[in-house]
Structure formats: structure tokens, C-alpha cells
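Open the model in your viewer and keep the sequence panel beside it. The stops below say what to select and what is there.

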Amino acid sequence: MYKLLITYLFVFVPLFLFSQETENLEVDRDNQPPPELINEFMAGDTLSIDSIPIDTVGMDSVAKPFIDAPIVYNALDSIMISFDGQKVYLYNNASVTYQNIELTAYYIELDLETKQIYAEGILDSTETLVQKPIFKQGSEEYESETMRYNFETGKAFITKVVSEQGEGRILSDRTKKISDDVFITEKAKYTTCDADPPHFYLHLSKAKVIGNDKIITGPAYMVLEGFPIYFPFIPFGYFPNSPTYSSGILVPTYGEEQNRGFFLRDGGYYWAASEYIDLAVRGDLYSKGSWAVKLHTNYRKRYKFSGAFDFKYAMNIYGDKGFDTYTRSPQFQVTWSHSQDPKANPNRTFSASVNFSTSGYDKQNSLSANNYLRTQKSSSISYTRKFENTPFNLSANLRHSQNSTDTTISLSLPEMTFSMAKIYPFRKKTRSGKLKFYENFGINYTGNLKNSITAKEYDLFDKSFPQDWKNGIKHNIPISFPSFNLMKYVNFSPGIGYNEKWYFDKKNYTYYEDQVFPDPRGNDSHVKVDTINGFNRVYSYSYSLSSSTNIYGMYMPRNPKSRIKGIRHKFTPSASFSYRPDFGQERFGYWQAVQVDSTGRIEYFDVNAGGVYGGSPGRGASGAISLSLNNNLEMKVVDTKDTTQTDDKEKFRKVKIIDNLSFASSYNLIADSLNLSPISIRARTTIKGVSINLGGILDPYELDENYRKVHQYVWNTRSGINKLGRLTRANLSFGMTFKSKKGEKEADKKKKLIEEDNLLQGGYADYIDFDIPWDFGFNYSFNYSGPTKSFPNGKVTQTLGFRGNLNLTEKWRLSMNTNFDIMAQEFSFTTFNVNRDLHCWSMAFNFVPFGFMKSYSFTINAKSSMLKDLKLQKQQSHYDNF
């Protein structure tokens, strides 16, 4: 009974009186803090709680109450209400919710008369402040030591506040919230480090924070690991803080190069055009006259496509004007990437990957070793179309490739392919039972149109389309017949191949005894080559029959206790016969017999030489038998490392002895000489983690004094191992990677053991554990090419490469990569790198000890993309761009 009476007097009666009083209250929403107070705060003068003006409310008989929604409050420990019902005191895990505002803290004081709320935390037994006030309003959230907030005006005074602002955080001693999105702070810290305390921050004497927009600061300086760095001093700062991308100025980087002088690089403007496209315009300026312009745009339409386009133009000026060393070198680069969303259209796709530049662009403007060393570039713009419910497909491509070493460029503009998947014309749409023999007859088709040119970079735009561009159309119609088995083990597959090429010109050769003309190789010749325009049809056909089977050999050890349980040898022999008629006959018109000298010597010239799909089919009939033999050798052993096996049931594993050992050659039954083709040998195996690859080509015929093959077998003129054939090409390569078996888990176990047992006086700090993650690898390569006019004794190249990584600790990483040319007795490009993860920062040291790229660089930079220009860099290079 007493409890009910006390509850009635202290809860319901005050709340009833409060509701009666607030029916006639009117909110004075124009009541804002005076400008003098804000100026005083920004000037750094002491600002106390008492200096905040108390908001007043006017009385009006028709005014609406300032409380527009219920105030919900709760506490874990106790809730106390004043006698007049105007104040509520909440203790331990207290919370107050009003509309979209939520405040939690250890202690909260709610004053309904002044419409203010006050919150603070509490010190625990370790003098650590816990249950700090956490204020949430919509998507915004702040943590502080104390907070005073006014429900009516939405203003607040906060101490020791921590607020998330985009990628960074602001830690402020004193903050005044003057509206929902605007804060004024004093003695604040801005950082992107999430550690407490942060490893680095910008000390802001005063700042204004506009939520989801920007942060404007007064004088500031950087503090790193508690040490203030007053240089460079920041007189003011501007930090974009928009959740969506926005337009703005791109701040350039500065530095110095020996050849081009002081520079401002990558400065410009970024334009956020729309949610679909943007544009960045950047430029470089050098004190010695060089300059560059760069344009970059991204575009994207959701569920449709996305891409990026870059155009860069650089004018590099070296030397002093008026001297012989003065040069101007204009260079440009175009890159474009485009991809289509797979869901946009399953039957049509369009993609692009373009990387085109002048040959000297990477050498003069690249800022990385990878780009500098790159000599090959290629591009492709592709459109494909699948015709639904049909076997037909269409693709159109624009292709480009270039070699920056010799400035050669190859273009295919365009290249179109129309194909038909294999169809079976004799199969019924509805059938029952097994397929008939003739129903396995299949045919498919591929048509290709190509227009291409290969030229030097400086000659490309001077080329004539009808004379220098190569074009044509090619048709390929393979016909497959049903395969069949002989004695269930040997599979036979017959086939017919038909190819037809359409060219629009051909060559005509004429002998002139008293005139000299350059031949395609640049030598003098009495044969003049003329080009005759007109449609030119070149066709060829061939017949083939192939067969293959598998033969297995097994060896089982007699000793039942042997770890080796079996060895299996797998043979895969295959043979094929192909026939092609003699397309050198006059009736085909592919080869022209021409006198070449005054002695009347006749040679045959290809009238389709240099065609985009190659020349004419070869002279002489071919009836070739091709033979190949593949070998695979495996062993089955007891797995002694498997601890789950028992005496009754052993576990086994396979060990590959020879992954592959193959031999291949062919013999032309119709040719009048040089019937036997070179013998190709390939082998691959792995021995205790070392992968070994080797190969070779043996030619059965000898060479004359001009290094041309003659019909004379080497086994008739040579002895010993040389009887096997004349080695024309050989290669050997192997490599191995070693890795640490013990990783971070083992290191953590040792750390815990040392700390628990106190094995060392200084604890784990005095212990150095070398069982830490690492890897090291090497590779060796050997190549041999047979004798030629340029290299009578053949040519040998040998290279040895090393690479390695070492994690000294969880944060420190060392790496290196080098290659050594054994024949030239010199190292190629070599790098040593040291990286240190500094939590919110990263440190990198890169060193190239010798060679043309000799250089070093030391960089410490913030990881956050917002503070990408906050870095310390020292570098020196013989090639200035690095």
C-alpha cells in the first residue's frame, strides 16, 4: 500500500502537472547562440558550461508543446525524479530516446524545465572512464566524456568527443554542436588511425565540421607517435567529407629531377559530372620546359556496363636550347577498358582492352620499374553475337600489338569471324534406340575476314591502304566422320579438311637480264615483282586417318614388406596418316616458274606470297605418316606419414616418377627427298619438389657448307651418340621453392611459453625466434640453338634466377629478386625491398644496386586514401622518373 502511494506521489502526479503546464508552451526556434560566443570559442578563449545561454520559451495560450514525441528513458540501477517532476536522474547503463535521438551513458540528468539533458561516464577501479556518453542521431554517432544537449534547439556542448567523419575520426577536447550537421571544435585531433591513442594525428587549433560535407581547420601541425612535427606547418586545411564523390581540386606532388628540373606533378581538377560518369584533368610542369596533360574518366551504368578511359600527352624537353643536346620528344598514351555486365544481354557482349602509346612513352614517363621494362603491348576491342536457338556465332575485333624495342606495330582493323558449331545433318529430331553409323557424320564451319598491316611506328600513317594493307577472307570446313574401334582397343578417326582463302591481288614475276631489283630480303635480283589487283581464290584440301590406344605395364614387388606396392607404366602410342596433293602443279596456278639468271636456272615463286593468311599450299604432294609415343611412370607406396592407418589397413599414396616422356616425328612417303621430319623429344618430372623440364629436337639430315639441309642421314656419317641425330634445339629448366614449415601459430606458442615460464629475464622481448614465415626460390634455364651462318658453333644461353621473402616479424617483410646471365657474366634487373606495416602508416625502402635502373627510394605514407599526400619520401635515381 505504501509503495503504491509513493509511486503515485513521485511519478504520476508530477507527470500530470508537467503535461498540464506544457500544453501552452511555444518553441522559440530562432533562439541561437550569439555570434560573440562562437567568435570567443574560435579565438581559443576559455569556454565554460555557464557561458552557454539558457534557451527560453515563450508562453502562449495557443502554442504547441515543444515535446513532439514521447521521451523514453531507462536505467539499470535506479531512476530518481525530483519533487517538482521537472528532473529525472538515471544511473548505470542509462538511456534516453527521443524521436531519432538516442543517448546512453552511466549517468544521465534530464531537465524538462530547461529542456536540456546532461550525461557523463564513470571511473572504474582502474581509473578508466567507462560507460561514456554515446549520442546517436540518425546515421551520426559520437562518443564523449560529458555532454549537455538541448532538445528544443538541437544544440549541445560536448567534451572529449570522438566522432567518425568519413575515413577519419575527430577527437576534440571541447565541441559545440550548433545544428544537426555543424560542429565547432577546439584543440581537436584529426586522424585516420583507429588505435587508442592514435599513432598519428593532425593537431587542429580550431575547426568547423559540416557533416557529410567538409571539415575546415585553422592552423594545424602533425603529431607522430606523440612527437609534434611543426614543419611543414599547415596554416589552414580543407578535408572533403562527403559520402558521395564530389568535384574538387587535385593537389599536385612536388619534387626534382636531374634532367627535367623541379616539378609539380598530377595537379588538376576532378569533376563529378553525375552518378554515371566523372572526369579528372591533371597536368605536370617542369622547370626546364617539359610538361604533360592527362585526362581520366570513369563511367558506369549499373547492370549494363562500366569502363575507364585515359589519354596522356607529354612533351619532354632535354638539354638547353641552342645546344646540340637540346631535344623535344612528344609522346602520348591511350588506354581504355570496357566490360559489359553478364546479365545485361546473354547473347551480345562488347568489351575493350586498349593500351596504345608511342614507343618511347614508357621509357621517358613511367614511374614504376614494371612499366619501364615492358616492351610488348596489345589491345583488343571485341563484339560477339550469339544467334539464339541456332549454331551460328559472330564476332568482330579490332586488334593491336606493338614492340617498343624496334617500334614495330601490327594492326587488324577489323577482324571478323562467323562460325557454325558442329551439326549432324543425318540425325533425326526425334529418334529412338542407338545412333546409326551415318548419324555420327558431322560438319562445322568457320569464316574469317581480316584487314591488317605491320609497319614501323614512324611509317604507319604514310602507308597506302590498297598497296600496304593486307586483307582477305578465309573459310575452314572440317568434316568429321564417325570414329570406330578396332578390336575394342584401338580407336580410329577419319576426317577431311577443306580450306579456302580469298585474296584481292596476286604477284607476277618477270625476269630482266639487264636490270636489278631488290628482293623481299633486300638482296639484288633480276626478277621484278608486280602486283595484279583482282579476285584470287586459293583452296586446299587434305585427308587424314588417326588412331590411338593405351597400353599398361605393371610391376609388383615380390617382397610383401616392401614400401613399394607397385609401379605402373602407361604407353600412349598414336599414329596418323594424312594426304595432301601437289599444289605446285600448273593447273592450280599457285606457283610460277621463273628464270632467275643468265644460265637459265628456273625457280618457283609463290604468287600469293605475303598474304594475310600466308602463301599458297606447298609444292609437292605429301603422304605423311606421323608417329608419337607418350610415357607416364607412377609408383604406389605406403604412406608412412599417415597416422590413421592400422596394421590391418594401410594407407597408400601415388608418386609420379615421370610425368611425361614423349617422342614424335613423321615420314613423308611421297616426297623425293628429306622424307623424315625432325624428331621431337619432351620430358617433365618432379623430384622432391624440384620441377624439371627438358626438350630437344634432333634433325636426321646433315648440313652443307651454306648450312642448308641435304639428303644425307647423320647416322651414315657420324659415330657414337651423334648417330641419333643432329641436335638443332635443346632446352632445360628447373626450379624449386623452399617455404618455412613453421608459421605464426608456432611463434605464438613459443611466445606464450616463454612468458608463462619466464625462461628469460627480459621475457619474450629478449628472445629472437628464427622459425618465422619465409620462402626462397631459384630457377635455372638453359637453351641451345644449332649452327647457323651467324653462329657456326651454335648459340647457348643460361640464366639463373633467385627470389625470396622473409617476414622478420608480423610487421617487417624483406624481399629480393634477381637474375644472373651466366654466359654474359652479369646480373640483370635486381631489386631489394624492405616493407614495414605501421598500422595506419606504411614504410617502404626499395633499392636497385646496379645497372641502368640503379636507384633507391624511401617512403613513409599514410594508408588512408584521403591522406595520400601525407608522406615523407626520399629517393635518388640515375633514371629520374624513379
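Which residues form a nonpolar patch on the surface, and with how much accessible area together? Select Tyr254, Leu264, Val281, Leu285, Trp291, Val293, Leu295, Phe309 and Phe311: they form the patch, and together they have about 830 Å² of accessible area. Patches are made of residues with over 30% relative accessible area and no salt bridge; like charges are joined within 9 Å, and nonpolar side chains (Val, Leu, Ile, Met, Phe, Trp, Tyr) within 5 Å. Areas come from the Shrake-Rupley method with a 1.4 Å probe, and for residues only the protein chains shown count as cover.

This is a predicted model, in which local features need pLDDT of at least 70 and side-chain atom pairs count only at pLDDT 80 or more, while totals for chains, interfaces and linings use all residues. Residues are numbered from 1 along each chain as its sequence is written, and side-chain values use heavy atoms, with hydrogens and water left out.

Strands β24 (279-286), β25 (291-301) and β26 (305-318) each give two or more residues to the patch, and β25 supplies the largest share, three residues. Helices (H or I, at least four residues) and strands (E, at least two) are DSSP runs, numbered from the N terminus. Val281, in strand β24, is partly exposed at 34% relative accessible area. Buried means under 20%, exposed over 50%, and partly exposed in between (1.4 Å probe, protein chains only).

Stay on strand β25 and select Lys294. Its side chain meets that of Asp266 in a salt bridge of 2.9 Å, N to O. A salt bridge here is a side-chain nitrogen of Lys or Arg within 4 Å of a carboxyl oxygen of Asp or Glu. Because Lys294 lies in β25 and Asp266 in β23 (residues 261-271), the pair ties together parts that are 28 residues apart in sequence. Lys294 is buried, at 17%, whereas Asp266 is partly exposed, at 26%.

Asp284 counts as buried, at 5% relative accessibility.

Next, go to Glu415 and Arg399, a salt bridge with its closest N and O atoms 3.2 Å apart. Glu415 lies in β31 (residues 408-423) and Arg399 in β30 (residues 392-403), so the bridge ties together parts 16 residues apart in sequence. Glu415 is buried, at 13%, and Arg399 is partly exposed, at 34%. A search of the whole structure finds 19 salt bridges.

Turn to the rings. The whole structure holds 35 aromatic pairs. Select Trp502 and Phe535: this pair is edge-to-face, 5.7 Å centre to centre with 70° between the planes. It links strand β35 (residues 490-511) with strand β38 (residues 527-548), and the two residues are 33 residues apart. Rings of Phe, Tyr and Trp (its six-membered ring) pair if their centres lie within 6.5 Å; planes under 30 degrees apart count as stacked, over 60 as edge-to-face and the rest as tilted. Trp502 is partly exposed, at 28%, and Phe535 is exposed, at 53%.

Finally, zoom out to the protein chain. Six helices and 57 strands make up its list of elements, and 33% of its 882 residues are buried.
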